[in-house]
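Subject: The two-chain model, and what was found in it

Dear colleague,

I am handing over the structure we spoke about, and below it I have set out what was found. Please keep it open beside the text while you read.

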Amino acid sequence: MKKSKLTIERRKARNGRLFVLPFYFGFIFIFLRCIYQSLAFVFSDVTLRPGGFDMHFVGMKNLSYIFTKDPDFNKNLVATMSSLLYKVPVVIIASLFFAILLNSKFKGRTFVRAVFFLPVIIASGVIMDIINSDTFATSLIASSEGMETTVSANSYGLTSLLIDMGLGEKIVSYFSYISSNLYDLMWRTGIQMIIFLAALQSISPSLYEASSIEGASAWENFWMVTIPMTMPMILVNVVYTIIDTFTDSANEVMKQIASYFTDHQYARASAMSWAYFLLVGIVLALVLFVSSRTNRSERRNGKA
Amino acid sequence: MNTVKTEYLLKRKAPEIIWKIFRFLLFVGICYIFLFPVLYMISIAVRSPETVNDPSVIWIPRGISFSSIKTAVKILNYPRAILTTVLIAVGGTLGSLISCSLVGYGFARFNFKEKNIAFALVILTIIVPPQTVLISSFINYRNFDVFGILTLLHGIIPSIPSNIPLINTTWTFVLPAVFGVGLRSGLYIYIFRQFFSGMPKDLEEAAMIDGCNAFRTFVQVMLPLAKSAIITVLLFSFVWHWNDYVQSSMYFSSGQPISVMLKQMQSLLQDAKLFDVVTSTPDEIRTYLQAGCLLTILPPLVLYIFTQRFFTESIERTGIVG
């Protein structure tokens, strides 16, 4: 009996590896080939010469330079990290909210859904650059932003009022940050919203029926059915938002890395990017670890 | 009777109506934010280049002229550029769909020793932005060797080339996509993994008991249920391949895809003597640029409008009863 179970497990492991095989091939023969050179740069001194470059091994010199001698790297790193704390919850909550709205039935849904997909098409391309370099368009946007600054000026008065009312200063500054960056945040929720929409679509209506028959209100339905059923995709969105914020070419660290590349300081640029990726990796590993722990304990609670 | 009715209206109907009004206003506001660039593109693109600086016009042009769009089609070499882009986007999307659904299913449903490490590597492929490995990717694809096999064969039979140059071909996008390391493939693998792991196991077990092997179970039982994940990945992959500029500007030196052409449009206009940096201001070519933008976003937008209706067909009857 025990022996046959082992063979089933072995067979399952073999099948699993077969399914993952394309990725193994791609990773080793395409991805690794492309990144090994950049990784070699980290531990080398690279000097350009006509028609190529020379490199020789220098150990940890580049890495120690960026952490101890570079004036901006640590500062930029902290700035990027702290912007993450603001962005992730806001993007997740906003995109889930819009996905639920778009999932309900109303007139003109096709049109509104098409419009909500526009940021995905426009913001990921060169189109945004062209629009931003267009003086007429930017003046039109600026006039709407002028509106925004008056609103935020008002909200500044509101901020001090809220602080006077006894709300924590941190909480208030958090919300005023959100309201002043709403325009930017709206452009960033497109991907997450569509992932949520797909997740909501795959919840079987019979679950809602069952819980409604048991007497659950819409609010309880949301917490007892919608949230647990979309949990896997919430995780995907958290991971995606973290990666998107970190690798956004507009953030401080990425700008610094890009400027090093354009200065032909390949070794330092590579060292910087790898240190940065490692850090991103640690953050993601932490998120995934915590989520898998909570999942497991929830499952255990469910069984008990 | 009457009081009951008013009470009913107040308690039940009023919040619903307020909610509907709120939702409507929210949609109007957000639609304006998102539609702004597109409306702007349309408004500018249908003007003739001479009338673009008419100060009395903000949104609605005085006369409609398609001359800017016609010029943009010619300057961008639109049919050729679109053909390349479609090949990249369709090939890359299909490749990603096949490989990422397989890999995602493997991660979701099977246990093997190195699974967690392998999944960490998947995440690694999305953390590293393509910009940082661009140069070595270029070298890799310039003399592409099929997993070291070609060099080996070349040693035995000299008529076989030792490497294949893939630069300027759409294979630079399709090949990594087929092997699950294409443009943001890691994200698609993750989406599929999460999607499959959220599905009930009953159907697979039933299929296994009926004598289905793992691959057939995947194709015939699981894939049809993953429709919304497939649509999501299809849309993202298509749009990102369509819009990619960073990699395609590196891999293509002729017959470039539309995003690269659009980026170069100003200098292309200059070459065609339609624009002169010295004598004219960038405002004068605005109609051409916006026409180019409009031509670029139109195909993926049409694709989205056609595919989004699949989102509304939820999997209400998945076959699991009771």
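Helices (H or I, at least four residues) and strands (E, at least two) are DSSP runs, numbered from the N terminus. This is a predicted model, in which local features need pLDDT of at least 70 and side-chain atom pairs count only at pLDDT 80 or more, while totals for chains, interfaces and linings use all residues. Residues are numbered from 1 along each chain as its sequence is written, and chains are lettered from A and ligands numbered from 1 in the order in which they are written.

Let me begin with chain B. Chain B has 16 helices and zero strands. Of its 322 residues, 39% count as buried, where buried stands for 20 or more other C-beta atoms within 10 Å of a residue's own, exposed for 12 or fewer, and partly exposed for anything in between, with C-beta atoms placed from the backbone.

Two residues of chain B have a backbone angle worth a look. Arg184(B) sits in the loop between helix 7 and helix 8 (185-197) of chain B, and its phi is near 55°, a positive value in a residue other than glycine. Arg184(B) counts as buried because it has 23 C-beta neighbours inside 10 Å. Asn168(B), found in the loop between helix 6 (149-156) and helix 7 (171-178) of chain B, also has a positive phi, near 70°, and is likewise not a glycine. Asn168(B) has 16 C-beta neighbours inside 10 Å, so it counts as partly exposed.

Next comes a pair of helices in chain B. The axes of helix 3 (residues 78-109) and helix 8 of chain B come within 7 Å and cross at roughly 50°; axes here are lines fitted to C-alpha atoms, for helices over the stretch in contact, and angles run from 0 to 180 degrees between N-to-C directions. The two helices are therefore oblique to each other, given that angles under 35 degrees count as roughly parallel, over 145 as roughly antiparallel, 65 to 115 as roughly perpendicular and the rest as oblique. Among the residues of helix 3 of chain B that meet helix 8 of chain B are Cys100(B) and Tyr105(B), and among those on the side of helix 8 are Ile189(B) and Phe192(B); two residues are in contact if their C-beta atoms, placed from the backbone, lie within 7 Å. The residues of this contact divide into nine nonpolar, five polar and two charged, where Ala, Val, Leu, Ile, Met, Phe, Trp, Tyr, Cys and Pro count as nonpolar, Asp, Glu, Lys and Arg as charged, and the others, Gly among them, as polar.

In chain A, helix 3 (residues 73-103) and helix 9 pack at an angle of about 50°, with their axes 8 Å apart. That angle makes helix 3 of chain A oblique to helix 9 of chain A. The residues of their contact divide into 11 nonpolar, three polar and no charged.

Finally, how many residues does each chain give to the contact between them? Chain A gives 67 residues and chain B gives 75 residues. The largest share of the side of chain A that touches chain B, 20 residues, comes from helix 1 of chain A, and that side divides into 47 nonpolar, 15 polar and five charged residues.
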